[in-house]
Amino acid sequence: KGEDQPPEQEIVRLQPAPKGYLMRAMEAFSLYTTLGEWVKTRENAPTTALDGIRVFSMAWVVFGHTLLWPLQGTGYTNEGAIVPFEGTHDAIMSTWSGQAIQSAEFSVDSFFFMSGFLASYVALKKMRGSTPLSVAKTAPGLYLHRYLRISPLYFIIVWFYYEVVPLTADSPYFDLSSEKQWCKDHWLKEVTYVKDFWPADGLKCYGVSWYLSDDMIFFWFTPVLFAAFFWNRIAGYLLPVCGAIASIAYSWWAAYHFKWRVGTFDGSKYQPDYYVPPWTRCPPYLIGIVFGYFYRDWKQNKRELPSGSWLAVLIDSGLLGLSFLIMGACVYGAHSDAQSVPGQMKDENNYAYVALSKPAWSVGLAIFAFLCFEMRLPLLARFLSLPFFQCISKLTFAMYLLHPMVLTVYFSNKVDSVRYTNLEFTINYLGVLVVTTALALLAYLVIELPLSTIERMAMDVLLGKKKGAGRKAKGLLLPQDRAEKGVDADSHEVVDFAAEKGGPGEDAKQVDDVGSVNTPHSG
């Protein structure tokens, strides 16, 4: 009977052959793939509120620059409506609402803070059990990864700005020749991100790139900070705290010695000598590092704030009030100084404000972020974590780099001075913001994301990883990159702290890149 039945046949399922590097590199430029990555969101990740904070910070950067950019070209016909020169009244920058313009520089401190936080928060998870020596051994790879991650888009945009954008020139005010020549003469400072060691050079070439230089310099020191933490936890906390205190002390002394004034139009050297140098701008980054240590410890020890009682309400209200009080004091603390040019704030108050306002802002932001992470502000936390913000946050690095180009093309092509009105400014701001976002999306899909995929492939080869091992089908997220592109097993959040630009989008880039260059991108 068995002879009447056909013999059983074994079913063989053929597995597709692994794709080669060339094919994967070509697929990286597929819009189908990059669009899928752009709209991918994270759920139930405790730190997704940072996406909304990053988007609003980037919008704040554009807000401040939109008002100030015409001053570099045609100027305003009614500058007295903006700047409270002697004899003018009700200038916008002297009003309470106008303080949001000058205080836009705090958006950069938000990016620095987020860069530091994401770096340490991810590092403690991914390097758990490491020794100082093992941390030191990873440093060269992290430096190379970060450099290759943020540089291509920056270099392409700078090239486009000086070689292509001048072709749109249609005004005698449109002249980039001196800036272009400076870039050619000092290109090595630009490509190595060291120009901020010469503060007078920080705002030259592509002005907003000072943020990238500072953020890169800060990142150079993170392996030292992490090594100290894994050597001794107390030393790990104390080292960045002492660094921030030393920076604040120097800034306070230097503000007194060099007579720095916080007012934008006061004519002091506040901008080049305080605003740019890494040794004065590092406190927000270091505070972010410490907050990352704290929050990782908080989660690992499964600590929770009290809930369901009057004590919980009191704690939540107290922390939220403290956060708003600190950040409000930073934004409006110089209001009295903004009533005239030069400012009339007492010298001792001015020096204290210069030294303390940016670190204080970072502390206030840390408290607010903590409440959002712990869902003690559920409505705000869910709002800031909306998929819309998660998607736009990935664009903030490109937005930071592109918005000066948009502003230059728009304002430098004018042949007449701009007249300031609230309506005109609002229209200009919204127009610049929308165009910048659209261009950033294009740059992200066509340049930034594909090149980041190729960069990770190159790092695979350099680090001797097996081709395609553990890679998702789309080839954009490498689980084996966990040391550099942290995948938080608790939150399913992916954060590449070696690429974190914070910045504006930089997510050490938060996974998927948020963008930051934390953004900055700023100033």
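Trainee: How many of the 21 residues of α5 are buried?

Mentor: First, a caution: this is a predicted model. Burial is read from relative accessible area, with under 20% counted as buried. In α5, 20 of the 21 residues are buried, so the helix is largely enclosed by the rest of the structure.

Trainee: What does the protein as a whole look like in helices and strands?

Mentor: There are 20 helices and 2 strands. Of the 523 residues, 55% are buried. The accessible surface is about 23,200 Å², and carbon and sulfur atoms account for 66% of that area.

Trainee: Where does UniProt place the feature "transmembrane region"?

Mentor: Treat such a record as an annotation that may be inferred rather than shown by experiment. The UniProt entry is unreviewed, and its spans include residues 144–162, 208–230, 278–296 and 427–447. Then check the spans against the model. Residues 278–296 are 95% helix and 0% strand, with end C-alpha atoms 26 Å apart. Residues 427–447 are 100% helix and 0% strand, and their end C-alpha atoms lie 29 Å apart.

Trainee: Which residues form the nonpolar patch on the surface?

Mentor: A patch is read as a group of neighbouring side chains, with nonpolar ones joined within 5 Å. Here the members are Phe 197, Trp 198, Tyr 250, Trp 253, Phe 258 and Trp 279. Together they have about 620 Å² of accessible area. Helix α11, residues 233–258, gives the most, with 3 residues.

Trainee: Is Phe 258 buried or partly exposed?

Mentor: Phe 258 sits in helix α11. Its relative accessible area is 43%, so Phe 258 is partly exposed.

Trainee: Which cysteines form a disulfide?

Mentor: Look for two cysteine sulfur atoms within 2.5 Å. The count is 1 disulfide. Cys 183 and Cys 205 form it, with their sulfur atoms 1.8 Å apart. The link is right-handed, with 115° about the S-S bond. The pair joins distant parts of the chain, 22 residues apart. Cys 183 is in helix α7, while Cys 205 is in the loop between α8 and α9.

Trainee: How buried are Cys 183 and Cys 205?

Mentor: Cys 183 has a relative accessible area of 11%, so it is buried. Cys 205 is buried too, at 4%.

Trainee: How many salt bridges does a search of the whole structure find?

Mentor: Read a salt bridge as a side-chain nitrogen of Lys or Arg within 4 Å of a carboxyl oxygen of Asp or Glu. The search finds 16. Then ask how accessible each partner is. Arg 42 and Asp 51 meet at 3.0 Å, N to O. Arg 42 is buried at 8%, and Asp 51 is buried at 0%.

Trainee: What about Lys 40 and Glu 37?

Mentor: Their closest N and O atoms are 2.7 Å apart. Lys 40 is partly exposed at 32%, whereas Glu 37 is buried at 10%.

Trainee: And how far apart are Asp 201 and Lys 204, N to O?

Mentor: Their salt bridge spans 3.9 Å. Asp 201 is buried at 10%, and Lys 204 is partly exposed at 36%. Elsewhere, salt bridges that share partners join Arg 261, Asp 266, Asp 337 and Asp 347 into one network.

Definitions and conventions: Residues are numbered from 1 along each chain as its sequence is written. This is a predicted model: local features need pLDDT of at least 70, side-chain atom pairs count only at pLDDT 80 or more; totals for chains, interfaces and linings use all residues. Side-chain values use heavy atoms; hydrogens and water are left out. Helices (H or I, at least four residues) and strands (E, at least two) are DSSP runs, numbered from the N terminus. Buried means under 20% relative accessible area, exposed over 50%, partly exposed in between (1.4 Å probe, protein chains only). Patches are made of residues with over 30% relative accessible area and no salt bridge: like charges are joined within 9 Å, nonpolar side chains (Val, Leu, Ile, Met, Phe, Trp, Tyr) within 5 Å. Accessible areas come from the Shrake-Rupley method with a 1.4 Å probe; for residues, only the protein chains shown count as cover.
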